[in-house]
Amino acid sequence: MEREALKDSVRNYVSENIFGNELPKDFNDDTPLVSSRLLDSIMTLKMISHFEDELNVECKAHEVTADNLDSVNIFTAFLWKKLGN
Amino acid sequence: MEKIGELNWRSNFEENMREWFKVSARDKTFLHNTAREKINYSEAKKKIRSQLKTLQQNIPDFASLVGIYAEKSIASTLFIYSIILNEKGYLPLDVQSPFSRVVSILKDAKPTALIVEKKFSELLTLALEENSIHFQVKKFQSGFQLFVFEKPKKYPADVLNVLYTSGSTGVPKGIIQTGLCAWHFMIQNHILLNSFKIKSYLSIAPYHFDISVFDLFVPLSESGRLLVPKQQEMNNSRLMAEMIAVKKIELIYSTPSFFNWLMETGRLEKHDFSKVKVILIAGEVLRWDIVKRLKKYFSNAVMFNFYGPTETNVCLHYRIDFDDEKRYAASVPIGKTCIGSTIKLLKTKNGKELIVAGTCVMYNYVNGDKSRFKTIEKHRYYKTGDIVEEAFDGNYAFVSRADRMIKRNGYRIEPAEIERGLKNLEGVKQVAIITTNENSTIKIHAFLVSDKKYETVFLKNYSADKIHYSMVPDTFTFVESMPLNRNHKTDEGKLLQTLPNSLTH
């Protein structure tokens with residue numbers, strides 16, 4: 001998978017699950033997701049589980065932090081690394 | 001214990017706390033965390049003694065409150081014991097709440113002092129000064145400061161704590177709990193749980209949440225050890241699951257939402273939970289599917305459903321028996337009365353409302369509101385607002401709420417508080433808050449009629465600045481006007497139809 005395709009996939013997930021398929025105008029790929037509480041802890045873990053299954057990767061318990069998840073860009077970079085890049 | 005009803009309860013509770021510290025083996029671990037920090041009973045006593053000295057020097061007022069504005073930790077846990085042994089009540093404040101809410105609580109509760117974690121003191125100082133709340137800063141132990149206020153409020157001599165919940169008028173309201181309430185809760189727990197010989201406990205609830213009264217005093221009274229996770233760990237279900245297994249936790253006490261979250265996202269199948277002997281569940285309506293799923297992972301655990309609003313702590317309890325599902329199909333029963341509680345059912349237009357009297361009932365609200373009380377045959381009953389049914393076996397079962405109050409993650413939420421927060425936005429004329437419940441997950445939907453439109457990210461951030469995080473709506477929808485039903489009330493069904501399916505499920 002290409003990095004841009006991965007980012008599209010993360011953005012689509014956020015769009016569908018937080019905003020009902022319509023990204024607001026004031027949202028961008030750097031908008032904080034966890035620290036701003038756009039994503040609550042249930043949604044955060046659900047998003048991780050979704051991409052673990054989709055990409056066949058595993059996130060360790062201590063990796064589930066805002067440092068790795070806080071925006072579309074940050075989460076994409078984290079997953080990209082997990083894919084061995 | 002034999003002298004219940006004759007003693008000065010406040011000193012009784014303190015005396016018992018002193019006794020619990022005294023009888024515990026000195027070198028036995030009392031509090032510990034995942035960073036391998038731990039403190040034994042002897043060290044805890046020493047620290048408390050030193051904190052007591054500082055408190056006594058700086059706060060002369062008897063029968064008053066001392067607030068805590070700090071993250072949950074071993075240190076902040078010890079502060080609570082020091083405050084109680086200093087013959088004062090504790091006021092736990094949520095560091096994740098917006099400053100406006102913290103300030104409004106401080107203005108209402110008027111504590112004599114506030115223990116502040118240094119990393120929060122600069123911003124908190126600004127918020128207090130902006131609101132003309134005057135205080136002096138005194139030295140406290142490393143990493144903390146003591147803010148001492150002018151003109152504190154007087155509380156009853158046996159005040160144990162003041163816990164704030166969402167208020168139906170749109171502002172938070174403080175509930176005054178006494179040592180007597182807690183003492184009966186302790187006796188009840190001792191009777192229920194003594195045979196399990198629990199030694200290893202996990203504290204999940206924040207200290208501003210009434211479930212934490214159990215965590216603070218039951219492990220201490222049983223010479224047990226209490227695992228105190230950090231806030232960021234509490235938001236990570238995978239870490240929580242690992243913690244329960246690795247630290248050999250024997251008793252877990254939390255809300256249905258917590259257990260649902262743990263099972264949905266914690267990857268429980270990876271761990272062995274055979275050490276867990278007891279699971280206590282409280283704070284929300286408990287569905288059978290949650291306990292049935294829990295039993296698969298925690299097969300050795302006996303489960304109890306505890307019931308009671310913050311005003312009474314736990315006043316009913318039920319030991320979960322899966323054979324009862326046929327009789328109580330809607331939800332797990334809330335059970336029978338606890339020691340210190342008297343229950344009556346009050347006929348209302350909505351059904352039979354559960355009302356509670358006895359020593360479990362709070363002293364009063366800080367604002368003095370008496371509207372939730374009803375006197376029957378000289379006894380003061382608290383009206384819970386919960387409509388219930390009594391079954392032939394003496395168990396009570398929850399039916400519905402008599403008002404708009406909802407529960408999310410165990411937190412009591414009054415839609416009026418959310419509406420009040422959003423109505424302050426420029427251009428907003430009307431706000432309707434509607435909740436949906438899918439698979440035990442509560443979602444809050446805000447519908448706004450406004451001259452000015454706002455984007456969702458802005459509205460989320462705005463809400464988080466004004467109201468408690470548990471109340472921040474999941475969705476915001478602008479509508480031309482509020483649709484009305486035949487009774488001229490907001491047509492909630494029509495409003496919900498405007499949402500995409502992915503947001504309500």
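How many residues of chain B are in contact with chain A? In this predicted model, 23 residues of chain B are in contact with 26 residues of chain A. Contact here means heavy atoms within 4.5 Å.

Residues are numbered from 1 along each chain as its sequence is written, and chains are lettered from A in the order in which they are written. Local features need pLDDT of at least 70, side-chain atom pairs count only at pLDDT 80 or more, totals for chains, interfaces and linings use all residues, and side-chain values use heavy atoms, with hydrogens and water left out.

**View 1. The interface of chain B and chain A.** The two chains bury about 2,200 Å² between them. Carbon and sulfur atoms carry 52% of that area. Buried area is the accessible area (1.4 Å probe) that two parts lose on being put together, summed over both. In chain B, the residues that lose the most area to chain A are R238(B), E455(B) and V457(B). Together they account for 26% of what that side buries.

View 2. Five salt bridges cross between chain B and chain A. A salt bridge is a side-chain nitrogen of Lys or Arg within 4 Å of a carboxyl oxygen of Asp or Glu. R267(B) and D53(A) meet in a salt bridge, at 4.0 Å from N to O.

**View 3. The side of chain B that touches chain A.** Helix 9 (237–246), helix 10 (256–265), helix 13 (456–466) and helix 15 (501–504) of chain B each give two or more residues to this side. Helix 13 of chain B gives the most, with five residues. Helices (H or I, at least four residues) and strands (E, at least two) are DSSP runs, numbered from the N terminus. By residue type, this side of chain B divides into seven nonpolar, eight polar and eight charged. Ala, Val, Leu, Ile, Met, Phe, Trp, Tyr, Cys and Pro count as nonpolar, Asp, Glu, Lys and Arg as charged, and the others, Gly among them, as polar.

**View 4. A salt bridge within chain A.** R11(A) pairs with D29(A) in a salt bridge, with the closest N and O atoms 2.9 Å apart. R11(A) lies in helix 1 (residues 3–19) of chain A and D29(A) in the loop between helix 1 and helix 2 (41–55), so the pair ties together parts that are 18 residues apart in sequence. D29(A) is buried, at a relative accessible area of 16%. Buried means under 20% relative accessible area, exposed over 50%, and partly exposed in between (1.4 Å probe, protein chains only).

**View 5. Two salt bridges within chain B.** E250(B) forms a salt bridge with K277(B), the closest N and O atoms being 3.8 Å apart. E250(B) sits in the loop between helix 9 and strand 12 (251–254), and K277(B) in the loop between helix 10 and strand 13 (278–281), 27 residues apart. E250(B) is buried, at 15% relative accessible area. K277(B) is partly exposed, at 28%. In the second pair, K429(B) meets D451(B) at 3.1 Å, N to O. K429(B) belongs to strand 25 (residues 428–438), and D451(B) to the loop between strand 26 (441–450) and helix 13, 22 residues apart. Both K429(B) and D451(B) are exposed.

**View 6. Helix 4 in chain A.** Chain A has four helices and zero strands. Buried residues make up 52% of its 85 residues. In helix 4 (residues 72–82) of chain A, the buried residues are V72(A), F75(A), T76(A), F78(A), L79(A) and W80(A). They pack against helix 1, helix 2 and helix 3 (66–69) of chain A. G84(A) follows helix 4 of chain A and has a positive phi, near 90°.

**View 7. L85(B) and its contacts.** L85(B) lies in helix 3 (residues 74–85) of chain B. L85(B) is buried, at 8% relative accessibility. L85(B) touches E14(B), M17(B), R18(B), I48(B) and L52(B), not counting residues up to four places away in sequence. L85(B) and E14(B) are 71 residues apart in sequence and 5.8 Å apart in space, C-alpha to C-alpha.
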